[in-house]
Amino acid sequence: MKNIVSMLDLTNEEVYSLVKRALELKRGKKVTPREDLYVANLFFENSTRTKHSFEVAEHKHRLNVINFDITTSSVNKGETFYDTCKTLEMIGCNMLVIRHNQEKYYKELRSLNIPILNAGDGSGEHPSQCLLDLMTIYERFGKFNDLNIVIVGDIKNSRVARSNYNMLTRLGAKVSFVCPECFKDESLGKVVDFDEIIEKVDICMLLRVQHERHSEHMSLTKEEYHKNYGLTLERYKYLKDTAIVMHPAPVNRGMEIADELVESSKSVIFEQMKNGMFMRQAMIEKIIKDNNL
């Protein structure tokens, strides 16, 4: 595989292989150092978890890391996105990690001769987040088949929802959605009532309300959203003892989830962040091997 840009490009076998390898790395397995390779991180959107966990993963591979800064780059002089990426290839970068606000930006980069890892494309996909979520689920349940999963929140604008829905259903999980009318995405699964499904779910996956992507004004206040669509203290009581609560973060505390529940016994939100570094290690390792770098 040249690139990892879409979950649709990964087979089920490749997904399981990445999940199991990431879990091995978490248990202490080592990667082969590659001090001869250079990687550039191009983040055209803000990021904490994804950007810095990729950086830590890259350093654990002993890669030479180039952190591209859009504010001081020639993008501000009118350089095209393609020309920026091609420049980095020509000066010696061996791979690129890219987050961009344009959906499917990677289609513009097909003529590059170095691999790309997609760190998020607009409202399109987020492969590394999906894979770390799968890792977290598999670590807890040891399977995906027949798990009941509800994805709650800003479905319309969420690349996480799209990637996870497509992959989890493919792996045999049962996925439903809870969201306000303005956040519905008719192309995905059915929308259900949160209070009717809460007792049945194995995984309650919450999504951030992405204020920066809204083309329309959300009429609900923070308090109204939390009451109707958030994981409240009351709803939390109805979760199974074995259920887990997930969130890709950053978390709008008191909106998507009650502040007291972020580090509750059923929450794996911070464990997801920890797993993210190991999964990104596994992804980098796969790209190095598959491209004979």
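The largest pocket holds about 430 Å³ of space. The model is predicted: local features need pLDDT of at least 70, side-chain atom pairs count only at pLDDT 80 or more, and totals for chains, interfaces and linings use all residues. Residues are numbered from 1 along each chain as its sequence is written, and side-chain values use heavy atoms, without hydrogens or water.

**The pocket**

On a 1 Å grid over the protein atoms alone, a pocket is an open set of points where a 1.4 Å probe fits, with protein on both sides within 12 Å along at least five of seven lines. Lining residues have an atom within 4 Å of a point. Points are joined across faces, edges and corners, and the volume is the space filled by probe spheres set on them.

Twenty residues line the largest pocket. Arg-99, Arg-159, Arg-208, Ala-249 and Pro-250 lie nearest its centre. Helix H2 (49-60) and helix H5 (159-170) are the elements that give two or more residues to this lining. Helices (H or I, at least four residues) and strands (E, at least two) are DSSP runs, numbered from the N terminus. By class, the lining has five nonpolar, eight polar and seven charged residues. Here Ala, Val, Leu, Ile, Met, Phe, Trp, Tyr, Cys and Pro count as nonpolar, Asp, Glu, Lys and Arg as charged, and the others, Gly among them, as polar.

Ala-249 and Pro-250 are joined by a cis peptide bond, with omega about 5°. Pro-250 sits in the loop between strand S8 (244-246) and H9.

H5 has 12 residues and reaches 17 Å from first C-alpha to last, close to the expected 16 Å. The expected span is 1.5 Å times one less than the number of residues. H5 is largely enclosed by the rest of the structure, because nine of its 12 residues are buried. Buried means under 20% relative accessible area, exposed over 50%, and partly exposed in between (1.4 Å probe, protein chains only). Arg-159 is one of the buried residues of H5.

H9 covers residues 269-290. Its 22 residues reach 31 Å, close to the expected 32 Å. H9 is mostly covered, with 16 of its 22 residues buried. A kink of about 25° is centred on Asn-275. The bend at a residue is the angle between axes fitted to the seven residues ending there and the seven starting there. Asn-292 follows H9 and has a positive phi, near 50°.

**Positive phi in loops**

Two further residues other than glycine have positive phi.

**Around the end of H3**

Glu-89 belongs to helix H3 (residues 81-90). Glu-89 is buried, at 11% relative accessible area. Asn-113 is 24 residues from Glu-89 in sequence and 7.6 Å away, C-alpha to C-alpha. Ile-91 lies in the loop between H3 and strand S3 (95-100). Ile-91 is exposed, at 61%.

**Cysteines**

A disulfide is a covalent bond between the sulfur atoms of two cysteines. The test is a pair of cysteine sulfur atoms within 2.5 Å. The count is zero. The sulfur of Cys-179 has its closest cysteine sulfur in Cys-182, at 8.0 Å, so the gap is too far for a bond. Cys-179 is buried, at 6% relative accessibility, whereas Cys-182 is partly exposed, at 27%.
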